[in-house]
Amino acid sequence: MLDGKKILYSGMQATGTLTLGNYLGALKNWVNMPDEYECLYGVMDLHSLTLRQVPAEFRKNARSLYALYVAAGLDPEKNCIYYQSHVSAHAELSWLLSCFTYMGELQRMTQFKDKAAKHADNINAGLFTYPVLMAADILLYQSDVVPVGVDQKQHLEITRDIAQRFNAIYGDVFTIPEAYIGKAGAKIMSLQEPERKMSKSDENANATIYLLDDKDTIIRKFKRAVTDSGSEICYREDKPGISNLIDIYSSVTGCGREDVEREFDGKGYGEFKLAVGEAVAAELEPLQKRYKELMADKEYIDRVIKMNDEKAAYYAGKTLRKVQKKLGLTERIR
Ligand code: TRP
């Protein structure tokens, strides 16, 4: 609890370019959170290192993610947006927590199993202890709520388990965080294989809308989106392609699913796809404009990074010192 507000914590990995799925499923919903919560959002660059990165590209991506957070409407004066790697307490707490995490627990993580299968040539220890670092991220700020997608829920569960285990031994050191289940942050699916989640790393470029795609590209990708047999615009489980487009249109325009069905009643797939493409392009246009301005304003971005890094380090440091003391590590002589 900070200034009487509950603390909300989240973040994204600093790899690749964000997709429409990241935006509609998360980022867009974060914008109004500061009214209710004290919000912290990390650029999770340490987590990105579990896969091999090209240094220059990686640095650029992390900066781009920072600017996208701001361009999407997260005010860096109201939200603490910072680089995970700039607050060394994350790595330090992660070590301490790893001594309270069991191998068996980490072995059960489905994301570890998936990633290990996908990157069999680089199953590094970081990939294995990834959830411990994530627990450190969350617990350092005494976070109350953590908005995460379903794929991260298991990591939030283990975070709670680690925190409870620690508290049971040392007293109330950590706040036990809850998953934040917001108003349906839409789950956006691939435009080519609508049974799968839209992903940054899809090999088929037509499957994914990137936040920085230009209008023509967006419209072209929607025109090529895989749809189902039949011709009706209706939301049905056996019509994953059209249902996904309805979800996208509905989360961009704010209309409900039924409204969308009514609006396009009697119209064909082609017309609908074009409308979705245009609505998405119109939604992203101001974000892209703001993004370009921000990327050109080095001074501003540097200033808010520095300010927020310091703010984050202050809160994180407090928790870390408390943990060190509880564990019996010798205090520094000042
Ligand atoms: N693992 C998260 C993801 O890939 C990113 C992340 C790292 C995160 N630390 C976090 C999300 C802490 C929420 C809270 O999506």
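This section covers the ligand site, a pocket and the aromatic pairs of a predicted model. Local features require pLDDT of at least 70 and side-chain atom pairs pLDDT 80 or more, while totals for chains, interfaces and linings use all residues. Residues are numbered from 1 along each chain as its sequence is written, and side-chain values use heavy atoms, without hydrogens and water.

The ligand is surrounded by 13 residues (a residue is near if one of its heavy atoms lies within 4 Å). The closest are His47, Tyr130, Met134, Asp137 and Gln152. Polar contacts were taken as pairs of N or O atoms within 3.5 Å. A polar side-chain atom of Tyr130 lies 2.7 Å from a ligand nitrogen. For Asp137, a side-chain N or O atom is 2.7 Å from a nitrogen atom of the ligand. Gln152 places a polar side-chain atom 3.0 Å from a ligand nitrogen. On its own the ligand has 360 Å² of accessible area, and the protein covers 89% of this (Shrake-Rupley method, 1.4 Å probe). Strand 1 (6-13) and helix 7 (125-140) are the elements that give two or more residues to the shell. Helices are DSSP runs of H or I with at least four residues, and strands are runs of E with at least two, numbered from the N terminus. The shell comprises seven nonpolar residues, five polar and one charged. Here Ala, Val, Leu, Ile, Met, Phe, Trp, Tyr, Cys and Pro count as nonpolar, Asp, Glu, Lys and Arg as charged, and the others as polar.

Pockets were defined on a 1 Å grid over the protein atoms alone, as open sets of points where a 1.4 Å probe fits, with protein on both sides within 12 Å along at least five of seven lines. The second largest pocket holds about 320 Å³ of space, the volume filled by probe spheres set on the points. Lining residues have an atom within 4 Å of a point; among them are Glu92, Arg321, Lys325 and Arg334. Helix 13 (residues 298-327) supplies the largest share of this lining, five residues. The lining divides into two nonpolar, three polar and six charged residues.

The model has 15 aromatic pairs. Rings of Phe, Tyr and Trp (its six-membered ring) pair if their centres lie within 6.5 Å; planes under 30 degrees apart are stacked, over 60 edge-to-face, the rest tilted. Phe100 and Phe166 form an edge-to-face pair, 5.0 Å centre to centre with 65° between the planes. Phe100 lies in the loop between helix 4 (89-98) and helix 5 (103-107) and Phe166 in helix 8 (residues 153-170), so the pair ties together parts 66 residues apart in sequence.

Notes
Polar contact = N/O pair within 3.5 Å; in protein donor to acceptor, adjacent residues only side chain to side chain.
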